[in-house]
Amino acid sequence: MARPLAERGAGVVYTQQWVVELMLDLVGYESSADLGADTIVEPGCGDGAYLRVIIPRLIHSAVTHGREPESLSKAIRAYELDPRVANLARGTVVDTLTSLGVGGAAANKLAQEWIIEGDFLLRRLGPKVRWVVGNPPYVRIEESSAKEYVKYRQKWTTMSGRADIYIGFFEAGLSLLSAGGRLCFICADRWMHNQYGAGLRSHIIENFAMRAVIEMHESDVFDVPVAAYPAITLIERASHTSTALATASSQFDADGARRLMDWWNSKDQPDRTEAAFSASILKGQFRSNASWPSGPPERLRLIADLEDRFPSLEEVGVSVGVGMATGADKVYVVTEPGEVEPRFVKKAIGPSDLKDGSVQWSGRYIISPWDGNSLADLSQFPGLAAHFESHRQALERRYVARRNPDAWWRTIDRPPADAYRGDKLVVADIHDRVEPVLDVEGRWPLHSAYYITSTEWNLEALGGYLLSDVAGAFVEAYSVKMANGHLRVSGQYLKKIRLPVFSDVDDSTREQLTAAFRMRDRAAASAAVAALVAQRV
């Protein structure tokens, strides 16, 4: 029976046995090979979920190739941080070996040799190996010891920014691979999309080959439900050529995994689509350290085609900006501006004001400390001064105020030169799809919203384009998914969208896009965009 998470320690979730079988198949850890001639590393073995599958393969291989169990002391290196759990893993090793006919003395000796107590990220990891397989702990930076985290970052340089612990496990595991060696991990796929994964992505594209990515967001791959959006990633120390990409559905199970391996081992590997998964071979993917797209192969092919044929938003005169970060919304964002001088009171909009395709203003204001492009002189504006003085203690605690003690009332962001004037599309930063809304009243967007302007595209036609499935495909492919299933519709992902120059769009299509935007007709917008991008404009 699976132990409750509370008893396991941070980040400990166990992988279903059939998933372990699939991962071992992917790296080529098969009983027919002489497994005892090399080493497999399990970087966080827990109580032995992977070892229960590894050991039978190893012993069957030893029998086939005439190796005695006593000769297998270097065949497995399994690391475990918790001494109590390490003892459980040793028990798993002994039980598994004895069930396979290995004598008790030999089984106990191998259990002691194979299970290594200590922190995988800080220990000396030993000689190169052919296989590294496992489920790295999913520990957020906030949950780790500050002292340990500093040591991790000093040793594993890909752990930049606010990298989670598993980034270090990737780098450490990859450092162990000999030429042709393979690493296969199952863990959250956030590192493929977000900023803190950039160092790891660079490390992989410079030194390794992405052999396979199996997205398993909907599959039951762990022993308890986990909202981590997992993917199996297969990386080889070799030159990159192509990547097998598969997307598993909720129906993906042990039988589906066997069929996926049949496809993997087929000679020509044609595109495969069935209820449990879709799979394809993609060339040229995963060769940039920018955010890596993910999703069904057909979506990635569409994106690759459009990226090859069309310019980006910025290249066609479209700008994406983020709303104002204040550092203290409770002070700067109000419903009653009181005696503050009107020139500093700006109507504010955020995601909660974007409803049913229009701005339904909730009555909030931003109290701006900026007088044009300069910070306001409080001595000249008693109403503004009184508002900020009444919150001075809270404002001075902010990092931006500590850095600028003589300007303690400033916001983190300075408003742009146009102070958000003019028409713009506004998009909520977290949503299940791209939902652009037109603002024509010059309201100031809050930091939880992005605003889009253009010197070339008509904004309503652009809004229709952004409503389409084509635009949505870009955000879905590149975006980090939240625990509730929503997408981060941030500027960096919106800027990935490709589209033609507006002058290349015929009048009929412009009208269709505008009408679709006004009617919030996503199907009509998608049809118009599909026809537009099908043209070789």
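User: Are α14 and α17 roughly parallel or roughly perpendicular to each other?
Analyst: In this predicted model, α14 and α17 are roughly perpendicular to each other, because angles of 65 to 115 degrees are classed that way. Helix α14 covers residues 459–467, helix α17 covers residues 507–519, and they pack at an angle of about 75 degrees.

User: How many Å apart are the axes of α14 and α17?
Analyst: The axes of α14 and α17 are 7 Å apart.

User: And which residues in α14 and α17 meet?
Analyst: On the α14 side, they are Glu-460, Ala-461, Gly-463, Gly-464, Tyr-465 and Leu-467. Helix α17 contributes Arg-510, Leu-513, Thr-514, Ala-516, Phe-517 and Arg-518.

User: What about α1 and α8, at what angle do they cross?
Analyst: Helix α1 (residues 17–27) and helix α8 (residues 254–265) cross at roughly 10 degrees, and their axes come within 9 Å. That angle makes α1 roughly parallel to α8. From α1, the contact uses Trp-18, Leu-22, Asp-25 and Leu-26; from α8, Ala-254, Ala-257, Met-261 and Trp-264.

User: Stepping back, how many helices and strands does the chain have?
Analyst: The chain has 18 helices and 24 strands. Its C-alpha trace spans about 85 × 60 × 40 Å along the principal axes.

User: What share of the residues is buried?
Analyst: Of the 537 residues in the chain, 55% are buried.

User: What percentage of the contacts comes from residues 24 or more positions apart?
Analyst: Counting contacts with a separation of 6 or more, 75% are between residues 24 or more positions apart.

User: Charges next. How many positive and negative ones are there?
Analyst: There are 61 positive and 68 negative charges, and their mean positions are 5 Å apart.

User: Which residues of α11 are buried?
Analyst: In α11 (residues 382–389), the buried ones are Gly-383, Leu-384, Ala-385, His-387 and Phe-388. These buried residues pack against α10 (329–332), β12 (333–334), β16 (365–367) and α12 (392–396).

User: Which strand does Tyr-365 lie in?
Analyst: Tyr-365 is part of β16. Its relative accessible area is 21%, so Tyr-365 is partly exposed.

User: What does Tyr-365 touch?
Analyst: Leaving out residues up to four places away in sequence, Tyr-365 touches Tyr-332, Val-333, Val-334, Thr-335, Pro-337, Val-345, Lys-346, Lys-347 and Ala-348.

User: Where is His-65 found?
Analyst: His-65 is in the loop between α2 (51–64) and β2 (76–80). With a relative accessibility of 36%, His-65 counts as partly exposed. Neighbours within four places in sequence aside, His-65 is in contact with Ser-32, Ala-33 and Asp-34.

User: Last topic, backbone. What is phi of Tyr-420?
Analyst: Phi of Tyr-420 is near 65 degrees, a positive value in a residue other than glycine. Tyr-420 is in the loop between α13 (399–403) and β19 (424–428).

User: Is Tyr-420 buried or exposed?
Analyst: Tyr-420 is buried, because its relative accessibility is 3% and the cut-off for buried is under 20%.

User: And what is phi of Arg-520?
Analyst: For Arg-520, phi is near 55 degrees, also a positive value in a residue other than glycine. Arg-520 sits in the loop between α17 and α18 (522–534), and at 22% relative accessibility counts as partly exposed.

Methods
Residues numbered from 1 in each chain as written. Predicted model: local features only at pLDDT ≥ 70, side-chain atom pairs only at ≥ 80, totals over all residues. Heavy atoms only, no water. Helix = DSSP H or I, 4+ residues; strand = E, 2+ residues; numbered from the N terminus. Buried < 20%, exposed > 50% of the residue type's maximum accessible area, 1.4 Å probe, protein only. Contact = heavy atoms within 4.5 Å. Lys, Arg positive; Asp, Glu negative; His and termini not counted. Charge placed at Lys NZ, Arg CZ, Asp CG, Glu CD. Axes fitted to C-alpha atoms, helices over the stretch in contact; angles between N-to-C directions. Parallel < 35°, antiparallel > 145°, perpendicular 65-115°, else oblique.
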